[in-house]
Amino acid sequence: MKLEMICTGEEVLAGQIVDTNAAWFANLMMENGIEVQLRVTVGDRLEDLVAVFQERSLHADVILVNGGLGPTSDDMSAEAMAKAKGESLVENAEWAERLHDWFTRHGREMPKSNIKQAWLPESAVMVDNPVGTACGFRVKLNRAWLFFTPGVPFEFKQMVEEQFLPFVKQTFDAGSQVALRKLLTLGRGESSLADELEAMTLPAGITLGYRSFMPYIEIKVFARGGDAIKALEAVTDEIAERLGNVVVAENRTSLEEEIHARLHNSGMSLSVAESCTGGLITSQLVGFPGSSSYLHQGLVTYSNESKVRVLGVSPQTLDDYGAVSIQTVEEMARGARAILDSDFALATSGIAGPDGGTEEKPVGTVAIALATKGGVYSQMVKLPRRSRDMVRKVSAAVAYDMLRRELNGEAVIVDYSSISRYPK
């Protein structure tokens, strides 16, 4: 079975919005053993939509079309599909009634433009949308089934999971002949990783892919076919062993996700004191539901005064060593942990730039500490020639990795080839 996706909308094509639907869809399909083999983005122009429907329907078995089902003039998916098939649009009585009922239940008068959402190509099979006003539909054109969904993410995702995926599996008997494992790495460049792994002899059906989304490089291990899938775990383990410290998580998209998974409902607790990262560590963790089960507090102690009065950092330490120092960040971590007797505390203090650096401590110098009930670990990293945003992101990732290693019973401080540490 050949699966493709067509994404519609000028705002997507022009980059005014990020197409998160496409990434989510491709990942969900891969988890179900189905590869998306091609994705096309097309704007809100009728002739372009007609052309892409006709052209791709000659090559694919099933095409997921996302967007263009709203009530306004630039929503053209249904009209374009009807034109591509050479048939008329007709009102779907069932959905027209559902629309009127929906507005009545919500105490609103239905705008005249909304009835457009009930007009479908004559041969279309309506697909229910249980959470919105735009129904989906599917149509057969040439060799392909085209399956139309609205662009609103929560409507799209529910329809894909509840209707599109079952339709594909039933219609095409799609078995799980593709599997994927992902290794998240930190502190080493993409070309360096590729050079290291190029020496491996991979079993037939297994290939490697790389995705850079700084500060991480993700290594994707694809297995296609039954024999390759059986070998996937062993190959993934060999890759992780070869790369050693740089592998920081498996099948996770970030270290904050890994830390959340480890701490969530674990009975352990964490406090965070941030200076240069400015709340980034705390914010990333709070992005996950259930973080309240372990996150005691996140303190942005940006000024020296707040470090002293909130965290108990000694004024003498600041005078002797400065805010960006191992001594200061250790006291910050101890102070944050002591407030609520947390199991762990992370602290950061650094110079994110673009100004503020000195010859001794240039822009990109960051001190990071992890306090535990048994002691404090700390390091100073240097991140030259990186943007302010990237200095903060890398610093947060290194802090998470220190905590992850402590949870694993591993050495907390390690060398990363692309992240300088001083003093070693």
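Asp341 is partly exposed, with a relative accessible area of 45%; partly exposed lies between buried (under 20% relative accessible area) and exposed (over 50%), computed with a 1.4 Å probe and protein chains only. The structure is a predicted model, in which local features need pLDDT of at least 70 and side-chain atom pairs count only at pLDDT 80 or more, while totals for chains, interfaces and linings use all residues. Residues are numbered from 1 along each chain as its sequence is written, and side-chain values use heavy atoms, with hydrogens and water left out.

Asp341 belongs to the loop between α13 (326-339) and β15. Helices (H or I, at least four residues) and strands (E, at least two) are DSSP runs, numbered from the N terminus. The phi angle of Asp341 is near 55°, a positive value in a residue other than glycine. Asp341 also forms a salt bridge with Arg337, with 3.3 Å between the closest N and O atoms. The term salt bridge refers to a side-chain nitrogen of Lys or Arg within 4 Å of a carboxyl oxygen of Asp or Glu. Arg337 counts as buried, at 16% relative accessibility.

The whole structure contains 23 salt bridges. One of them links Glu250 with Arg181, whose closest N and O atoms are 2.4 Å apart. Glu250 lies in strand β12 (residues 247-250) and Arg181 in strand β9 (residues 178-186), so this pair ties together parts that are 69 residues apart in sequence. Glu250 is partly exposed, at 31% relative accessible area, whereas Arg181 counts as buried, at 18%. Another salt bridge joins the side chains of Glu305 and Arg309, at 3.1 Å from N to O. Both residues lie in helix α11 (residues 304-311), four residues apart, which is about one turn of the helix. Arg309 counts as exposed, with 67% relative accessibility.

The protein as a whole has 14 helices and 18 strands. Its C-alpha atoms fill a box of roughly 80 × 60 × 40 Å, taken along the principal axes. Of its 424 residues, 50% are buried.

Two packed helices are described by the angle between their axes and the distance between the axes. The axes of helix α2 (residues 20-31) and helix α6 (residues 153-172) come within 11 Å and cross at roughly 25°. Axes are lines fitted to C-alpha atoms, for helices over the stretch in contact, and angles run from 0 to 180 degrees between N-to-C directions. The helices α2 and α6 are therefore roughly parallel to each other, a description given to angles under 35 degrees.

Several loops also deserve attention. A cis peptide bond, with omega of about 15°, joins Met214 and Pro215, and Pro215 is placed in the loop between β10 (206-213) and β11 (216-224). Gly353 and Pro354 are likewise joined by a cis peptide bond, with omega of about 5°; Pro354 lies in the loop between β15 (344-350) and β16 (365-372). Asn142, in the loop between β7 and β8 (144-149), has a positive phi near 55° although Asn142 is a residue other than glycine. Asn142 counts as partly exposed, at 46% relative accessibility.

Notes: Angles under 35 degrees count as roughly parallel, over 145 as roughly antiparallel, 65 to 115 as roughly perpendicular and the rest as oblique.
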